[in-house]
Structure formats: C-alpha cells, structure tokens
Amino acid sequence: MKKELSLALWWWAARWLVHIWVLRYLETNNYEIKEISWTSMWAIVWALYAYWNNSYEIENIANELKIYKLIDFWFNFWFIKWKKLQKTLDELFWNKNIEDLDIDLKIVATNIENWEKEVFTKWKISDAVRASLSLPWIFMPYEIWNNTYMDGWIVNNLPVDVLEWENIIWISALKQKVWKLSKIKKFLWFNTKRSFFEYNYEVLHRMTLLMMKQNELKSIENSKWKSLIIQPNFWNLDYYSFDKIKEFIKLWYEETKKALASS
C-alpha cells in the first residue's frame with residue numbers, strides 16, 4: 001500500500017531543478033503525492049509533475065526548456081516582460097485547469113491590489129503559474145481579471161499552511177548557514193574592500209533571506225498538521241552555483257532519504 005503525503009516546496013535559483021530528485025526518491029520508495037503547494041519561479045516543475053505524474057518526464061522537459069531563450073527584455077517598466085514564457089506555458093499545459101489534475105495543486109501568488117496572498121486551486125494552470133513567478137523589480141507583474149499579481153514569496157515562500165492532507169513534507173531551499181557581514185572580501189590571496197554596490201547588495205540579500213525565513217516560520221506555525229522538514233545545509237553550494245547541479249542532486253536525494261528513514 002502506498003504511503004500518502006503532501007509537499008510544500010519552493011525554489012531558490014540554481015536549487016530548483018534538484019527538487020526533481022526529491023520526487024524521484026518518493027516515487028521509487030512507494031510514496032504517493034496527493035497534494036502540492038508552492039510559490040515563486042519554477043512553479044513550472046510542480047505543475048508539470050501534477051500534470052504528468054512522472055519525475056522522468058519532468059526531467060526531460062526541464063532539460064529541454066532553455067529559459068534564457070524565453071527572456072524578452074523590456075526596459076520601459078520592468079527588465080523582463082515574459083511574453084515568450086507565457087506562450088511556452090500555454091503550449092506545455094494545453095489550456096488545462098488546475099481542477100482537472102489528479103494531484104491537488106495550490107499555487108500561491110501575491111495580489112498587489114489588495115496586499116493579500118492568493119491561493120489558486122481552480123484556474124488555468126499557465127495563468128496561475130505565471131501569476132506566481134513575477135519577481136519584484138525584475139519580471140513584469142501579471143495582470144488578469146482586474147488584479148495584478150507578483151511573486152508569491154513576498155507573502156509566503158513556503159506555503160505549508162495551505163495544505164489540507166495530514167502527512168506533510170516541507171522542503172526549504174533557504175541556506176541555513178549564517179555568515180558574517182563584512183566590508184572586506186578575499187580576492188586571490190589578498191583582502192580587498194567591497195565596493196559600495198557589493199556591500200549594499202549583500203545587505204539587501206541578507207534582508208531578503210531574513211524575510212523569507214520569517215515567512216517560513218509563520219507558515220509552519222499556522223499549519224494545522226505536523227510536518228516533516230527537509231532542509232539541507234548547503235555549505236558551499238550557493239543559489240547561483242549552476243555549475244554544481246550534480247552536487248545539489250546528491251545532497252537533496254540523501255537528505256530526503258535520511259529524513260524519511262528517521263520519521
């Protein structure tokens with residue numbers, strides 16, 4: 001008999017693809033995913049899983065999906081317009097609605113008209129995904145039905161609290177290691193002073209991580225079910241380490257195995 005569970009997931013740049021190997025482990029160890037919630041960019045992966053119910057199929061699609069070819073720069077208001085992405089989403093999901101899928105899907109976005117979290121459970125898949133992945137200041141907001149949507153992580157980057165099934169695994173891509181904020185950086189064998197932009201970027205980065213950490217804790221506190229946490233320590237694997245995908249994969253697979261073995 002298959003063990004049923006729910007998943008709460010979210011991305012963090014280079015770490016998005018490795019979630020497929022969490023799904024792979026669950027598939028090959030007699031787990032059945034009944035419900036998935038997520039927010040933010042690369043929501044595409046989880047919609048694909050709910051659509052195809054097969055991690056191998058997602059892996060093939062993800063490998064063929066060249067995101068850089070979908071970028072359409074538009075400097076009038078935002079850096080990226082995402083019209084090409086919208087067309088690709090429509091082609092991937094063939095106008096299917098969320099309620100047509102076998103797995104319950106909860107897609108979280110931020111409605112910036114009323115400042116509230118919006119959870120899509122019934123809607124066109126491609127529209128719901130697009131509404132959830134508009135990163136502030138970079139990607140153009142998504143306007144539909146007289147509402148304007150931005151990235152879901154603004155209000156809830158790990159939506160555990162929206163899940164209805166009792167057995168929940170939540171998977172955090174936040175880097176747990178805390179590093180000292182410094183105006184000095186190491187370059188080769190020398191210590192050099194960070195530039196104004198480097199230092200302030202580091203401050204902004206840390207503020208964003210702090211906000212997301214607080215969102216995670218709030219979501220977990222508001223959940224009515226006990227959850228199993230998979231939260232790897234990434235050590236030297238950072239969100240921009242696209243050249244270290246194999247290391248991410250091994251880490252995620254082993255962390256999933258360890259967490260479920262001890263549950």
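Modeller: Gladly. This is a predicted model. Let us start at a loop: Asn146 lies between β5 and β6.

Biologist: Is Asn146 buried or exposed?

Modeller: The cut-off for exposed is over 50% relative accessible area. Asn146 has 79% relative accessibility, so Asn146 counts as exposed.

Biologist: What is the phi of Asn146?

Modeller: Asn146 is a residue other than glycine, yet its phi has a positive value. That phi is near 60 degrees.

Biologist: Which loop holds Asn30, and what is its phi?

Modeller: Asn30 is found in the loop between α1 and β2. At 33% relative accessibility, Asn30 counts as partly exposed. Asn30 is not a glycine either, but its phi is positive, at about 65 degrees.

Biologist: How are the planes of Trp123 and Trp145 set?

Modeller: The two rings are 4.9 Å apart, centre to centre. There are 40 degrees between the planes. Planes under 30 degrees apart count as stacked and those over 60 as edge-to-face, so this pair falls in the remaining class. The pair is tilted.

Biologist: Which of the two is buried, Trp123 or Trp145?

Modeller: Trp145 is exposed, with a relative accessible area of 61%. Trp123 has 6% relative accessibility. Buried means under 20%, so that value qualifies. The buried one is Trp123.

Biologist: Which residues form one aromatic cluster with Trp123 and Trp145?

Modeller: The cluster has Trp123 and Trp145 as members.

Biologist: How many aromatic pairs does the structure hold, and which one is edge-to-face, for example?

Modeller: The structure holds five aromatic pairs.

Biologist: How far apart in sequence are the parts tied together by Tyr25 and Tyr253?

Modeller: Tyr25 lies in helix α1 (residues 19-28). Tyr253 lies in helix α8 (residues 245-261). The pair therefore ties together parts that are 228 residues apart.

Biologist: Which residues touch the most other members of the largest nonpolar core?

Modeller: This core has 49 residues. Helix α1 gives the most to the core, with six residues. The residues that touch the most other members are Leu7, Leu26, Leu105 and Phe120.

Biologist: Why are the buried residues of helix α4 on the same side?

Modeller: In α4 (residues 83-93), Leu85, Gln86, Thr88, Leu89, Leu92 and Phe93 are buried. They are on the same side of α4 because they cover an arc of only 160 degrees.

Biologist: Which residues are exposed on the other side of α4?

Modeller: The other side of α4 carries two lysines that are exposed. They are Lys83 and Lys87.

Biologist: In which sense do β2 and β3 pair?

Modeller: Strand β2 (residues 31-39) is mostly covered, with seven of its nine residues buried. It pairs with β3 (residues 104-111) over five bridges. In β3, Ile107 is the bridge partner of Trp38. The sense is parallel.

Biologist: Which residue in β10 is the bridge partner of Trp170?

Modeller: In strand β7 (residues 168-171), Ile168 and Trp170 point one way, Ile169 and Ile171 point the other way, and all are buried. Four bridges join β7 to β10 (residues 227-230), and the two run parallel. The partner of Trp170 is Ile229.

Biologist: Where is Asn215, and which residues does Asn215 touch?

Modeller: Asn215 has its place in helix α7 (residues 196-222). At 12% relative accessibility, Asn215 counts as buried. Leaving out residues up to four places away in sequence, Asn215 touches Trp153, Ile154, Val155, Asn156 and Asn157.

Biologist: Finally, what share of the protein chain is buried?

Modeller: The chain has eight helices and ten strands. Of its 263 residues, the buried share is 50%.

How values were computed: Residues numbered from 1 in each chain as written. Predicted model: local features only at pLDDT ≥ 70, side-chain atom pairs only at ≥ 80, totals over all residues. Heavy atoms only, no water. Phe/Tyr/Trp six-rings, centres within 6.5 Å; stacked < 30°, edge-to-face > 60°. Buried < 20%, exposed > 50% of the residue type's maximum accessible area, 1.4 Å probe, protein only. Pairing = 2+ DSSP bridges. Arc of directions from axis to C-beta. Core = buried A, V, L, I, M, F, W, Y, C linked by side-chain atoms within 4.5 Å. Contact = heavy atoms within 4.5 Å.
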